[in-house]
Amino acid sequence: MRAIAIFSPSRRSGKSWLTIALGRSLARSGWRVAPFQSQTEITQESYRINSLAEISQSAAWQAWAAQIPPTTGLNPVLLKAHHPADQSQASFQLLIQGRGIGTVSRTDYYQNYYEITRPLIRECLGQLQQDYDILLCDTYRHGLYYPIDADSDQNFELLKNLQPSTVGILLLDCKNEGELNQLWGLWQRLSPENRQLIRGIVLNQWQGDRPAADQVTQWITAQIQRPVLGYLPPLRDLAFSPSSALTFQKTDENLPQNKLRVQVLTLPHFQDYLEFDPLRSEPSLQLEFIDPTEPLGYPDAVIIPPTNQAIADLEQLQKYSYPQQLQDYLQAGGTILGIGNGATLCSQNLRLPNGKRQRALGLMPFEGQIQEATNVFLPQEEIISLFPWPTLLLKGRPLPWELLNYNLKSGYRQLFKTNNLGIINQNQSIWAIYLQGLFNNGPWRRFWLNTLRHKRGLTSLPTGIADFHECREMILETLANHIEQYLDLDFLLTEVKK
């Protein structure tokens with residue numbers, strides 16, 4: 001097991017995106033790579049793996065870059081910014097292995113919780129050592145940036161235990177100038193032992209010319225006695241932030257009054273949050289995950305997702321009067337989209353395995369039947385849509401059709417040329433869809449969002465976009481290409497192999 005750790009004397013220097021780019025570059029060269037954020041402090045939305053676990057958005061990006069699934073083992077400790085109205089000092093929700101355990105201040109965490117989380121961090125680190133060739137450490141410790149703190153950065157102490165020793169990179173942010181002063185100040189604070197971990201310097205957001213770069217290289221080589229591994233210019237044609245969800249393009253439609261609100265009911269046995277990553281990526285959309293214990297309100301659309309235990313989750317919805325809330329919402333002009341057995345729950349009644357019938361949500365005039373959960377996945381198919389735009393080619397995995405008395409006289413029409421994959425009512429307020437991965441299809445997703453936007457009198461979004469996973473892969477490949485052009489990866493890998 002080898003480890004590469006990226007340090008920086010300043011915040012927002014680009015450590016996370018460089019870890020992402022390195023991860024993809026190494027992974028496509030055949031290395032088994034794992035990113036690692038021992039602890040992360042975030043001010044924006046986290047990435048929800050499932051109903052019980054969250055990690056930072058940047059940790060998820062790093063996992064995708066390394067071509068491995070996001071897990072809490074890659075980011076065992078997360079501090080989410082929390083700003084109560086009655087507190088002037090910033091506080092954080094503390095999540096350990098993705099689960100919230102309470103609210104703390106930054107000082108409180110380091111004084112009272114860090115010693116508790118340290119064994120977990122070491123355990124996750126040890127497991128990754130066994131499973132991967134290279135560990136990429138996106139380091140964190142707020143004290144590293146403050147000269148009044150001692151040289152006691154936890155990352156150094158943590159990484160010293162790795163065998164063989166870690167290859168450290170110091171990343172300098174040139175965007176606001178003063179990068180050499182930051183480097184010199186940090187270097188003076190580091191102990192000789194910690195300096196040994198640093199093998200090279202990388203300058204990010206560099207916009208100087210060749211003579212200026214030669215001057216900087218000479219100074220760093222003479223004063224720090226470490227090589228400069230590269231000058232990374234800004235990414236000019238790519239709007240990308242590892243701390244937020246993927247956006248397909250820059251947009252002016254980011255004002256609250258121009259954003260759609262779509263709510264996903266987080267049923268107790270709903271797990272597939274990945275299904276909604278494409279919606280989370282839309283800059284003109286505010287996607288909310290709402291617990292059935294909360295009142296519904298009046299968003300632009302409500303999504304009822306598939307669930308592992310439909311009957312139990314239906315009873316939860318009935319307990320909190322959701323059948324009536326959803327019916328009132330429809331009558332007020334709302335839109336409901338159900339997926340898989342989430343769509344079946346919208347039917348009038350459910351036929352149970354014992355032959356009895358149970359009242360469902362009562363939104364569609366059909367009878368439904370819930371099929372037993374299975375681990376068998378049907379292959380992905382190419383399908384042609386009829387709504388919201390005809391003859392649109394898309395891909396998805398069919399889900400079991402569970403509506404028993406559907407007929408054309410009901411006023412519902414087929415959504416796709418392939419029957420029994422989805423239906424829609426006459427005024428397009430109810431969408432019942434039996435297709436997994438539907439929102440991954442960029443043009444279909446945009447056409448559906450445009451039907452919601454037109455209800456609000458908003459302009460249409462462009463529909464000629466790539467599918468979500470293709471777009472994400474394009475970004476990751478672009479980042480890897482960028483560093484391979486400007487970074488001395490041969491030197492870095494030589495150091496790693498020592």
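What radius of gyration would a compact globule with 498 residues have, and what does the protein have?

**Figure 1. The whole chain of the predicted model.** A compact globule of 498 residues would have a radius of gyration near 23 Å, and the protein has 26 Å, which agrees. This radius is taken over C-alpha atoms, and the globule rule is 2.2 Å times the number of residues to the power 0.38. The C-alpha trace spans about 85 × 45 × 45 Å along its principal axes. The protein holds 14 helices and 25 strands; helices (H or I, at least four residues) and strands (E, at least two) are DSSP runs, numbered from the N terminus. Residues are numbered from 1 along each chain as its sequence is written, side-chain values use heavy atoms, and hydrogens and water are left out. Because the model is predicted, local features need pLDDT of at least 70 and side-chain atom pairs count only at pLDDT 80 or more, while totals for chains, interfaces and linings use all residues.

**Figure 2. Confidence, contacts and surface.** The pLDDT, the predictor's confidence in each residue from 0 to 100, averages 89 over the protein, and 91% of the residues score at least 70. Over residues 248-256 the pLDDT stays under 50, and the model has 20 contacts beyond four places in sequence for this stretch. A contact means heavy atoms within 4.5 Å. Among contacts between residues at least 6 apart in sequence, 71% join residues at least 24 apart.

**Figure 3. The seven-stranded open sheet.** Its strands follow the order β14-β13-β15-β16-β24-β23-β22, with mixed pairing. The edge strands β14 (285-290) and β22 (413-414) each pair on one side only. Two strands pair if DSSP finds at least two bridges between them. Strands β15 (residues 301-304) and β16 (residues 336-339) run parallel and are joined by three bridges. In this pair, isoleucine 304 stands opposite glycine 338 in β16. Helix α10 (residues 322-331) packs on the sheet and touches β13 (260-265), β14, β15, β16 and β24 (430-433); its direction makes about 145° with that of β15. Axes are lines fitted to C-alpha atoms, for helices over the stretch in contact, and angles run from 0 to 180 degrees between N-to-C directions.

**Figure 4. An open sheet of four strands.** The order is β3-β6-β7-β8, and the pairing is mixed. At the edges, β3 (39-42) and β8 (99-104) each pair on one side only. Neighbouring strands of this sheet are turned by 25° against each other on average, direction ignored. Strands β6 (residues 77-82) and β7 (residues 91-96) pair in the antiparallel sense over six bridges. Lysine 80 stands opposite glutamine 93 in β7.

**Figure 5. Helix α2, residues 57-66.** Ten of the ten residues of α2 are buried, among them Trp61 and Trp64. Buried means under 20% relative accessible area, exposed over 50%, and partly exposed in between (1.4 Å probe, protein chains only). Just after α2, glutamine 67 takes a positive phi of about 65°.

**Figure 6. Glutamine 218 in helix α7 (residues 210-223).** Glutamine 218 counts as exposed because its relative accessibility is 57%. Valine 228 is ten residues from glutamine 218 in sequence, and their C-alpha atoms are 9.2 Å apart in space.
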